Amino acid sequence: MRSFGWPRSLHGETLFKVLLATVIAVPLVVFVLYPLIHILGRSFQTPEGLGLANYAAVLGTERFLRLVYNSFAVTLTTTVVTVVLAYVFAYAVQRTCLPLKNLLRLIALVPLFAPSLVQAQGLVLLLGRNGLVNRTLGTDFSIYGFWGIVIASILYVFPYAFLIFSAALATADNRLYESSRILGANRLRTFLTVTLPSSRFALIAASFVVFTLVITDFGNPMVVGGDYSVLATEVYNQVIGQANFELGTVIGMVLLLPVALAVAGEKWVHQREYAQISAGSLPLQLRPDRLRDTVFTVYALLICAVILMVVGVVIFASFTHLWPYHMGFSLRHYAFDVQNGIQPLWNSVYIGLMAAGIGVAATGLAAYVIEKFATLVRAPLSFLCIVPAAVPGMVLGLGYVLAFNKPDTPLSFLYGSLLLIALCNVYYYHAQGFLIASTSMKQISSSFDEASATLGASLLRTMGKITLPLMWPTLVGIAVFFFMRSMVTLSAVIFLITPSTQVAAVSVLMLEDRGAVNQAAAFSVCIMAVVIIALLMARIILNVLGFRHVTLIR
Amino acid sequence: MALELRQITKRFGRIKALDDVSITIENGALVCFLGPSGCGKTTLLRVIAGLERPDSGDMRLAGRNLFSVPARKRNFGVVFQSYSLFPNMTIAANVAYGLECRQWRKKDIVQRVEEMLEMVHLKDQAEKFPHQLSGGQQQRIALARALAPKPEMLLLDEPLSALDAKVREELRGEIRLLQQHLGITTIMVTHDQEEALTMADIIVVMQNGRVMQSGPPMILYQQPENRFVAEFLGRMNVVPAGLGVPVPIGTHPTGGQPRILGIRPEDIRLVSDQKKNGHLAGVIDQVTRLGNLTRVTVRVQANNTGCHPDEGWCNGETLRIVAEMQGVHEDLRVGMPGFIDIPFQSVRVLEWQ
Amino acid sequence: MSIALCRKILLHLVVLAVLLPCVAARANEITVYTSYEEDEAAAFLAAMQRDLPDLKVHLLRLSTGDLHARMLAEAANPRHDVIWGWAVTNMVDPRILDMLEPYQPKGIDKVPARFRADDDRWFATTGYMAAFCVNNEVLSRKNLPMPSSWEDLLNPAFKGEVVMPNPASSGTGYLQIASILQMKGEEQGWEYLQQLDNNIAQYIKSGSRPCNSASAGEFAVGASFALRAIKNIQEGYPITMVIPAEGAGNELEATGLMKSSRNKEAAKRFIDWTLSDAAVKEYYIWKEIVTVSGGTMPESFRQAGLPEDIGSVMVDMDFSWSAANRDRILQQWQQKLER
């Protein structure tokens, strides 16, 4: 953490550091700030020159107010329900003696393996007007609209909240629980006075994360929303449907605001979170309790059943001859008649691999420079690294179109390439990747660097011999993270696809959009298969090399 | 070959970690930087190692300016408090690391690693990984790794603080022997006065980023210049001048009126009746028997002194004076009157610090 | 330098090496934007590949309105060489016309003059017409009558059972609304649309999805276009195609060459092909409206309910009116009916 540089004399090492800092700063400016500036500029651009006309045209309308209301209604409802459900689930997994813990945990994370709209797909197949439930029970209710979006969104963000709670509830000081028990507190009281307060930061953090994900998601509202429009779908419609970049950017800016606030709030909370586990803490001892364990087992099984049912019905539908009329087995939906057939899947794999490589290099290096060198630019640099967390994917994608589709600019050659899509994914998920890398970097004591330096090693040797070997399991984890997200993300890349750069998640959306439900399901299944295979491969490699503890699913 | 530091100053934000530090470290000596945590001793070591850049000052090794030489080019061996053995390398690889950095030939490296491991009696552990070794063993390896490239100087940052008492004592002797055997100039940072007193040729006592006094251990113990050094090294009764305690004439370091006096507990004699004027009268407050040593605290009413408001003593206040005597002294009881006899040659005049 | 670092640098070099060729434009490659349905376009392209095996076509398929938006957005730096099979109504937008280069492909004489631009900027070879997809199963389950006209859809029994495309993004959606306004006159037309709105469950962005939704049984009636209904009947869905008795609105699909094309020779070869006999043969297999003679309607179209002389059920659309009033009508629709 401390400097071992000597800026007074400009020798190779200082130059090397300046170079490294530039290498991470320039792309962040080009691929994050530059597109955002374009969006901002475009939102003020009117036929009569710069002005607020676009804002006036959007913000004042009754329709806009309705969209804001819809967005917040859906998002807040989802947030509250998800946080409660996921907290109880995480509690069940971490704090009770549940059978099959690892399996239940894995099932809870399944939604991360598929594009967000797979939840909506499954919901329609299950609960649509002609879905399994209505058909079997002879009822006639409709899932389309508010509740459809809310349920699909809950399923979509559940694993994100669960991961946060799971981490928070995994560690606890047994002494607190023992004192509480000795003082005669009952279980509820212990929960209210010990467990809940110690996880309040996780509760806030999860709320912000869920809020951000839901308010900017448009996959689920598009499929199951019917005519219930939200801000995210409106950006999509304004830009893709109506050629209305100006209004699209205005709504994009409006969307940026609550997300930026949520992210800032989360960071603020995070800074106030000090280690609650001191060196003297004792790990929590779980004692079996038949009643409690039974109740939580039933609950966890229910949640898992719902998650599996929604994903399962999509898989099932992809293999039926003609859902819902001829349920016989058929592989015909896997002969995709979308443009370029299955090619988008391979594009996605390729983009995922590129994003994994670039993402690991970019976030790893950024974390390295920020954690290891005390330079003047450290604070602004680390701010830049987490800015993307506050930018909704579609806003970033829109910025990319505006910024890079200009013939006279030096980077216009990127437009229409898979590389740009990979870059978009890298910088959209930059903050998360960076945080994983820098947390792990912090755990590597700075005295290793210092020991290496005093033994006569150059920075490059230290990096290659010490830092990288210690970091690489984490780097594999980050690579998997970028690969997974690139495979399933929709919102950031929707504006960037071109004929030769169609990606899998967008193919699902297009198929779903045109109503080819079975084929859309089949395509989703292919994506899930690729993600699961990649995860398994990474897991096997790490296990063989003896790194069982590395988290792969984030 | 002496290491000379002149007027080194280093700030961390508003905190002055090093304040105008000037010391000279002679060739072949074992020097301890001693002081409470936060006194700047580790920062000073890091400045010498090249891990921290001072804001101002001058630093020379045998006349060569060290100021802008980066850590990796200084050729100093450093042992860190946490050992910092590279967890991804075997013991042998750890020891070889510095040699590889210096591009030694393979054959020489193998030979030197063997030699170093033999020196720390851990030759059979060469292919193990650091986490498979005990704390003491890890510390020895760290020492071997630091010494392998034949450094010009050895810097030890609280090398023994993480070990348990028995291992610590063992290693103290070993390090000292090794240092004398190799004749390598060594700087060791410690907060443990016993460690400093038993190992060092020279002790540098620091507080608030400044050097309070430096010199051989016995000189520091016997002739502390100021209250801080006096109290940090061993026990010291500190009393205001003018209490009736006899003052050795001409011993005041800066001349003028002495204001505080220090007396080691072992120099004080406790007598049962007041024979001389020089005896202070008091009441025994506490008696602690530590085997064959008896420590007695006597409460003395300081009624015949003038007022020293800036020193916090005033007429009528109570002083506690500790005496240590060999033997069991079963006759001493709390509440008994006690008369204190202070031989004037054992009174030190201290600077107010 | 460590091996791991070397490996990483090498990896990036490989990535770059693979990428660079993708970035550079190649001589026999063109990019084509189309609003042909995915399956149609795939079939046409397969046929084209047989005739012009050396030509590589990158195809982007988007809804009519979506494609319009995209082309305007990319106007400063168009990515495509050819617009293929795109609604005439949108093609005649002056901003789009400006991007097109007049071109007389081989065999242009086969296209009747009324189906091409006076200045040769575009010509239309195919078209589509509105039709309802009605789910028989839902109809019998909910005891609903088979509708035969737009008027029938006002029946309160159909409340929440009708889905229709959103005219702002879907070409099909716009032609349906334009045909209603043209048949009934604007005043009565809007009044009808307002009433119909009570029964509409959803306005859907795509023109084919209403039919697919009805086919899946999610809704009873999907206002869509004829070919989608025919294809879904072939697929085995329990639906009936209904051509509205008032007359079916229709739209022509036009093709044009981009001025900005960096590979005009290849682009012209492609456009020439779209008028070749092989192409026309494909049109007759896939399209309900073909402006070029040289084929007959497949038997399956007739079995699905398309009359021999489709001219008899089509509304005589005034495309220039549709085009000239598009912005205004969409704005009005958004104000009155968009949800």
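1. A salt bridge here is a side-chain nitrogen of Lys or Arg within 4 Å of a carboxyl oxygen of Asp or Glu. By that rule, the interface of chain A and chain B has 1 salt bridge. Its partners are B:Arg46 and A:Glu450, whose side chains meet at 2.4 Å, N to O.

2. The model is predicted: local features need pLDDT of at least 70, side-chain atom pairs count only at pLDDT 80 or more, and totals for chains, interfaces and linings use all residues. Residues are numbered from 1 along each chain as its sequence is written, chains are lettered from A and ligands numbered from 1 in the order in which they are written, and side-chain values use heavy atoms, with hydrogens and water left out.

3. Between chain A and chain B, 27 residues of chain A are in contact with 32 residues of chain B (contact means heavy atoms within 4.5 Å). The two chains bury about 2,600 Å² between them, with 60% on carbon and sulfur atoms; buried area is the accessible area (1.4 Å probe) that two parts lose on being put together, summed over both.

4. There are 7 residue pairs in polar contact between chain A and chain B, both residues at pLDDT 80 or more. A polar contact is a pair of N or O atoms within 3.5 Å; within protein, one must be able to donate a hydrogen and the other to accept it, and residues adjacent in sequence count only if both atoms are side-chain atoms. On the side of chain A that touches chain B, the elements giving two or more residues are α20 (446-454) and α21 (459-488) of chain A. α20(A) gives the most, with 7 residues. Helices (H or I, at least four residues) and strands (E, at least two) are DSSP runs, numbered from the N terminus.

5. Chain C is assigned domain 1 (27-127 + 251-297) and domain 2 (128-250 + 302-336); the bounds come from an automatic or database domain assignment. The domain centres, taken over C-alpha atoms, are 26 Å apart.

6. In chain C, 22 residues of domain 1 are in contact with 26 residues of domain 2. The area buried between these domains is about 2,000 Å², and carbon and sulfur atoms give 56% of it. C:Glu251, C:Glu288 and C:Met297 supply 36% of the area that domain 1 buries against domain 2, more than any other three residues.

7. The rule counts 2 salt bridges between domain 1 and domain 2 of chain C. C:Arg228 forms a salt bridge with C:Glu37, with the closest N and O atoms 3.1 Å apart.
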